Amino acid sequence: FIHKPLISIDSLEMTQTLVPQFSALHVPFEEQNNLPVFDSGLADFSLSSIYSENIFSGQDRINDADQITIGVTSNFLEYESGVEWFALTVAQRFHYDEEFVNLSASDTPRSGNRSDILMQAGGRISQSWNAKALIQYSAVLDEVISQNTWFTYTPEDGKNIYFEHRYTRDTFEQFDVTGQWPLIGQWGIAGRWNFSNDEKKVLRGVLGIEYTLGCWAFRLVANRMLNGLDKKGDDLYTTSIFVQLELKDLTRIGSDAIGLLKENLHRYSEN
């Protein structure tokens, strides 16, 4: 559905779309406890999986189901260009019979006649700021089970700051900040700080310095990553230094500093 009347936001003319989604699923029960489990597991509960036919990943289990899934998505689009400024999605699954298939006979079957509610909202705050949040909410517990929140600030190419907060109830809470910014002259800086709030420790830290001039660039990047615990039970970190000289359009000499930056930074841009 398209809401024809235009909405004015900061002098921009918007049009709103409304897309309902409905899925009904019936899968009869088949006893599978005598079949081995090799590479299957319970799939993550997400907006991409809530409409799926099987709650298990892999091919070792096929769930039985009598359920419906209902959701709705609304988008606010700039009328002239069609650029999306805001989107909201809500979805929930309802069960009207018991389910019996599990990964193993010792697992506890699902209880309750409805799933948690999934909500995702996000869009532009301005031309440079974007935000998005994904929340899994339990109406039974009246509590947020998990949430992911993202903020990005990108005023222009080569300038980018990204913040993410990840939380899962009784499991973990993490902060992840990445950024890339020019300094003085041809110098620039880039880095990442990934912190576990429940464990009170840094999981990964990356800091890089770049010098770019015409047809060549030089990068020096330090990478520090938590790899587990040593024999004494203390945190075991690995630290490495990447040095790279790039002759643009020709070759790169040294360790893969730019590959490390692309792997760890959100929307890293080669200057």
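Is Asp176 buried or exposed, and what is its relative accessibility?

Modeller: Asp176 counts as buried, at 5% relative accessibility; buried means under 20% relative accessible area, exposed over 50%, and partly exposed in between, with a 1.4 Å probe and protein chains only. This is a predicted model, in which local features need pLDDT of at least 70 and side-chain atom pairs count only at pLDDT 80 or more, while totals for chains, interfaces and linings use all residues. Residues are numbered from 1 along each chain as its sequence is written, and side-chain values use heavy atoms, with hydrogens and water left out.

The side chain of Asp176 meets that of Arg166 in a salt bridge, at 3.5 Å from N to O. A salt bridge here is a side-chain nitrogen of Lys or Arg within 4 Å of a carboxyl oxygen of Asp or Glu. Because Asp176 lies in strand β11 (residues 172-182) and Arg166 in strand β10 (residues 159-168), the pair ties together parts 10 residues apart in sequence. Strands are DSSP runs of E with at least two residues, helices are runs of H or I with at least four, and both are numbered from the N terminus. Arg166 is buried as well, with a relative accessible area of 16%.

The whole structure has 14 salt bridges. Another of them joins Arg252 and Glu246, with 3.5 Å from N to O. Arg252 is partly exposed at 38%, whereas Glu246 is buried at 7%. Both belong to a network of salt bridges that also links Glu210, Arg219, Lys262 and Glu270.
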